[in-house]
Amino acid sequence: MNLVWQRFTLSYLPLKQYLTTSYLHRFLVGLLSSWRQGSVLIQWGDTIAAGLLSVVYALAPFVSSTLIGLLLTACVGFWLLLTLSDEAAPRIPSVTPIHLLVLLYWAVAAVATALSPVKKVAFNDLTTLTLYLLLFALCARVLRSPKLRSWMIVLYLHVSLIVSIYGMRQWFFGAPPLATWVDQESAFSKTTRVYSYLGNPNLLAGYLLPAVVFSLVAVFVWQGWIKKALALTMFFVNTACLILTFSRGGWIGLVVAFLTVMALLVYWWSIEMPRFWRTWSLPIILGGLIGVLLLAVIFVEPVRLRVVSIFADRKDSSNNFRRNVWDAVFEMIRDRPIIGIGPGHGSFNKIYPLYQHPRYTALSAYSVLLEVTVETGYVGLAAFLWLLIVTFNTAFLQMQRLRKLRSADGFWLIGAIATMAGMLAHGTVDTVFYRPEVNSVWWLVVGLIASYYTYTPQDQSQEVNSPFPAP
């Protein structure tokens with residue numbers, strides 16, 4: 001059964017042999033390789049690509065979605081140029097199991113577009129999806145370089161620190177709400193919810209969640225007390241700003257991310273721990289976190305009101321809105337269960353009005369899994385879940401490899417796993433996941449995991465186990 005699991009997760013897929021015999025790969029990759037040898041510009045291709053990515057992640061929280069789209073187009077165009085001018089011989093790990101599942105998900109989305117009742121709109125949204133998926137491909141390529149990987153993480157953390165500082169300023173000096181984010185009849189309605197430069201507290205929470213996790217693990221990666229102090233400062237400021245968004249989905253994601261990162265840190269250090277701490281460190285940490293949460297709920301009124309509202313069902317206006325949207329989405333899925341209505345919010349906006357309850361207009365399904373299902377059907381949902389499983393499995397296997405080597409790079413993989421878990425938890429009740437500021441960071445994290453991929457022949461990996469038990 002373990003062999004079945006390994007094949008399902010593509011853990012030991014012989015990609016080198018496949019690429020060697022692939023006519024499509026041999027035709028496209030290396031098509032312009034002779035030009036590359038005489039081009040000074042392309043010889044610095046990965047560095048230039050890192051510069052383009054830097055512009056995307058430096059500007060994402062501050063500029064319009066249209067400008068981000070133009071920047072993504074530039075990134076994709078340069079990725080295509082690099083790929084066509086690359087070495088003809090396959091470079092492993094230039095393609096990973098994650099790449100194959102991303103390609104599968106795109107193929108399902110393309111079929112959903114072809115069969116969509118609103119093909120023109122769906123095609124436009126497929127183009128947007130393609131930009132993000134190729135952004136992942138460029139990130140996975142660029143982040144193979146340890147220096148460029150470190151640069152991209154440092155850049156994102158500094159930009160998120162600027163965003164958090166402005167959010168904290170809003171908390172201390174006040175900020176007018178730009179939309180009806182809470183029930184005006186609630187006692188919580190007078191509490192300030194910070195949104196910084198992003199204009200929406202839920203979106204800000206989704207953007208800052210990766211920053212919280214990566215600033216925490218940076219404490220263990222960065223050397224020197226000054227750098228560690230900077231990482232701690234980033235961690236506390238980002239965490240405080242995320243909490244002050246009062247985003248319930250963001251809080252759920254934060255708790256899940258904390259639990260995941262703590263469990264993985266205990267696993268990482270378990271080799272060196274005495275037997276007592278190997279057994280009891282995780283329960284102690286879990287109990288301490290639950291204790292802090294209970295104290296906050298008991299003694300901090302805004303926190304108590306927000307937590308209680310999670311369980312208020314339809315008595316809370318936000319909960320009631322989501323329930324009505326979900327009811328309509330379930331009807332949409334029931335009518336097109338196999339391949340969905342086509343990707344993107346454009347398709348959703350065309351079809352949803354036919355099912356919506358009166359006065360409950362919506363731009364999305366308010367749940368990532370529901371959004372995937374309504375857009376690409378159960379086939380797309382299966383492809384998406386398979387992509388997640390392969391990504392988590394790949395991350396854990398590479399983290400195990402780095403753990404044996406005692407390489408500090410393993411902490412970045414711990415951060416990536418925890419970030420993905422937290423963002424998915426947040427995404428169960430919201431779809432800020434699909435906003436450019438958050439979606440671009442998601443694919444950066446997936447690209448980070450893919451960049452660590454190292455093929456290990458099965459006969460040399462008997463001690464490398466999957467994070468998930470064999471079925």
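## Basis of the values

Residues are numbered from 1 along each chain as its sequence is written, and side-chain values use heavy atoms, with hydrogens and water left out. Because the model is predicted, local features need pLDDT of at least 70 and side-chain atom pairs count only at pLDDT 80 or more, while totals for chains, interfaces and linings use all residues.

## Overall fold

The chain has 20 helices and 0 strands. Helices (H or I, at least four residues) and strands (E, at least two) are DSSP runs, numbered from the N terminus. Of the 471 residues in the chain, 52% are buried; buried means under 20% relative accessible area, exposed over 50%, and partly exposed in between, with a 1.4 Å probe and protein chains only.

Contact means heavy atoms within 4.5 Å. Among contacts between residues at least 6 apart in sequence, 78% join residues at least 24 apart.

## Helix α19

Helix α19 covers residues 410–427. The expected span of a helix is 1.5 Å times one less than its number of residues. For the 18 residues of α19 this gives 26 Å, and the end C-alpha atoms are 26 Å apart, which agrees. Since 18 of the 18 residues of α19 are buried, the helix is largely enclosed by the rest of the structure.

## Nonpolar cores

A nonpolar core is a set of buried Ala, Val, Leu, Ile, Met, Phe, Trp, Tyr and Cys residues joined through side-chain atoms within 4.5 Å. The largest one has 115 residues, and Y57 and W412 have the most contacts inside it. Helix α11 (residues 201–221) gives the most to this core, with 15 residues. Apart from this core lies another, of 19 residues, among them F321, A328, V329 and Y355.

Leaving aside neighbours within four places in sequence, Y57 is in contact with L135, C139, M152, L155, V159, Y207, S440, V441 and L444.

## Cavities

On a 1 Å grid over the protein atoms alone, a cavity is a set of points where a 1.4 Å probe fits but cannot get out, and lining residues have an atom within 4 Å of a point.

The largest cavity is lined by L143, R149, M152, I153, Y156, P210, F214, V441, L444, V445 and L448. Helices α10 (146–173), α11 and α20 (436–451) each supply at least two residues of this lining. M152, V441 and L444 in the lining are also among the contacts of Y57.

## Cysteines

A disulfide is a pair of cysteine sulfur atoms within 2.5 Å; by this rule the count is 0. C75 is in no disulfide, and the nearest cysteine sulfur, that of C139, is 7.8 Å away. C75 is buried, with a relative accessible area of 2%. C241 is also buried, at 0% relative accessibility.

## Single residues

F173 lies in helix α10 and is exposed, with a relative accessible area of 67%. The C-alpha atoms of F173 and T192, 19 residues apart along the chain, are separated by 9.7 Å.

R359 is found in the loop between α17 (345–351) and α18 (368–405). R359 has a positive phi of about 75° although it is not a glycine, and it counts as exposed at 72% relative accessibility. Y366 is placed in the loop between α17 and α18; its phi is positive, near 55°, in a residue other than glycine.

Key:
1 Å grid on protein atoms, 1.4 Å probe; cavity = no way out; pocket = protein on both sides within 12 Å on 5 of 7 lines; lining within 4 Å.
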